[in-house]
Amino acid sequence: MPNVNFKNHLHLHLIVFIWGFTAILGQLISLSALPLVFTRMSIAVVVIYIYLLIRKKNLAIQTKDIVRFLIFGFVIALHWLTFFHAIKISNISITLACISTGAFFTSILEPIFYKRKFIWYEVLLGCLVVVGLLLIFQFETQYKMGIIVALTSAFLSASFSIINGKLANTHDSVVISFYELVGGLFLLACFLFYQGGFTANNFNFQPNDYLWLGILGSICTAYPFIATIDIMKYLSPYTVMLTINLEPIYGILLAVFLFKDQEKMTTAFYIGAVIILLTVLLNAYFKNRKKATP
């Protein structure tokens with residue numbers, strides 16, 4: 001059993017590292033955010049559908065549930081759209097630092113959605129997040145719009161997590177995600193048609209884009225999702241959540257290493273980013289202590 005857990009810990013860190021690499025691919029791919037996300041979701045849908053066929057999972061569920069999942073897929077599509085757009089108009093470091101506020105938005109939305117009381121440490125940590133954001137806003141004014149778009153993406157991510165938390169026990173997770181991705185794909189297709197459709201102007205691929213998009217849609221989207229479901233059979237939700245919080249750190253370190261001067265920020269940015277990341281880790285710590293209390 002220890003060897004099994006060790007292997008799953010390593011596997012989980014690999015998955016989180018891959019998620020951190022998603023932002024790098026967003027910078028490398030020449031497409032704008034809308035065709036980029038549409039292509040990503042298309043590849044992921046195909047890969048997950050093949051997985052469902054291989055595993056002989058039943059996609060036949062009630063029509064009302066399919067409609068719900070398709071609509072909920074709009075949220076994840078908008079999250080990815082704003083995430084990659086933020087990278088395009090600012091940079092990876094700014095985007096990932098702001099995406100880290102997802103835990104803060106979750107702490108606000110959960111009590112409202114689940115009709116429970118606010119928790120004191122979540123309010124305190126929320127104040128710290130605001131301090132970190134103010135530091136970033138004050139000294140990285142050239143990225144103001146990127147910060148706003150990235151924060152919108154974090155809010156959408158938190159909303160999607162809460163929605164999926166409600167759905168987790170209703171159907172197979174892979175089946176839910178398949179329909180959600182199809183729903184998101186439909187929404188993006190509507191946006192594309194509004195912008196002129198599937199034209200060379202919208203999908204002006206550069207030679208390297210095919211490789212990066214293939215990696216993004218399969219290795220960085222479909223594979224981590226499927227693999228995480230298996231890992232959660234062996235590791236606790238707390239362990240998984242705490243490790244996933246390392247994604248922005250991996251991503252920012254990768255960005256600084258690969259893009260160097262393009263990702264160099266002011267000292268205030270790094271102080272603000274550390275404050276935000278610290279609140280995420282403290283939130284996980286307090287929740288773990290609460291669960292451990294008899």
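At what angle do H3 and helix H8 (residues 173-194) pack, and how far apart are their axes? The legends below take this up after an overview.

**Figure 1. The whole chain is a predicted model built from helices.** Residues are numbered from 1 along each chain as its sequence is written. The chain has 12 helices and 0 strands. Helices (H or I, at least four residues) and strands (E, at least two) are DSSP runs, numbered from the N terminus. Of the 294 residues in the chain, 49% are buried. Buried means under 20% relative accessible area, exposed means over 50%, and partly exposed lies in between (1.4 Å probe, protein chains only). Contact means heavy atoms within 4.5 Å. Among contacts in the chain with a separation of 6 or more, 87% join residues 24 or more positions apart.

**Figure 2. H3 packs against H8.** Two packed helices are described by the angle between their axes and the distance between the axes. For H3 and H8 the angle is about 60°, and the axes are 6 Å apart. Axes are lines fitted to C-alpha atoms, for helices over the stretch in contact, and angles run from 0 to 180 degrees between N-to-C directions. H3 passes H8 in a right-handed crossing. A crossing is right-handed if the near helix is turned clockwise from the far one by less than a right angle, and left-handed if anticlockwise. Residues of H3 in this contact include Phe69, Gly73 and Trp80, and those of H8 include Tyr179, Gly183 and Phe191. By class, the contact of H3 with H8 has 18 nonpolar, 3 polar and 1 charged residues. Ala, Val, Leu, Ile, Met, Phe, Trp, Tyr, Cys and Pro count as nonpolar, Asp, Glu, Lys and Arg as charged, and the others, Gly among them, as polar.

**Figure 3. H2 also packs against H3.** Their angle is about 135°, with axes 9 Å apart. H2 and H3 are therefore oblique to each other. Angles under 35 degrees count as roughly parallel, over 145 as roughly antiparallel, 65 to 115 as roughly perpendicular and the rest as oblique. H2 passes H3 in a right-handed crossing. The contact of H2 with H3 has 10 nonpolar, 1 polar and 2 charged residues. Among them are Arg40 in H2 and His85 and Lys88 in H3.

**Figure 4. Lys56 sits in a loop.** The loop runs between helix H2 (33-54) and helix H3 (63-89). Lys56 has a positive phi of about 55°, although it is not a glycine. Is Lys56 buried or exposed? At 76% relative accessibility, Lys56 counts as exposed.

**Figure 5. Ser93 is buried in the model.** Ser93 is found in helix H4 (residues 92-99). Its relative accessible area is 0%. Not counting residues up to four places away in sequence, Ser93 touches Ile252, Glu263, Met265 and Phe269.

**Figure 6. Leu282 lies in helix H12 (residues 267-292).** At 28% relative accessibility, Leu282 counts as partly exposed. Leu282 and Glu122 are 160 residues apart along the chain. Their C-alpha atoms are separated by 9.5 Å.

**Figure 7. Cys190 and Cys220.** Cys190 is partly exposed, at 37% relative accessibility. Cys220 is buried, at 2%. How many disulfides does a search of the whole structure find? The search finds 0 disulfides (pairs of cysteine sulfur atoms within 2.5 Å).

Conventions. Predicted model: local features only at pLDDT ≥ 70, side-chain atom pairs only at ≥ 80, totals over all residues. Heavy atoms only, no water.
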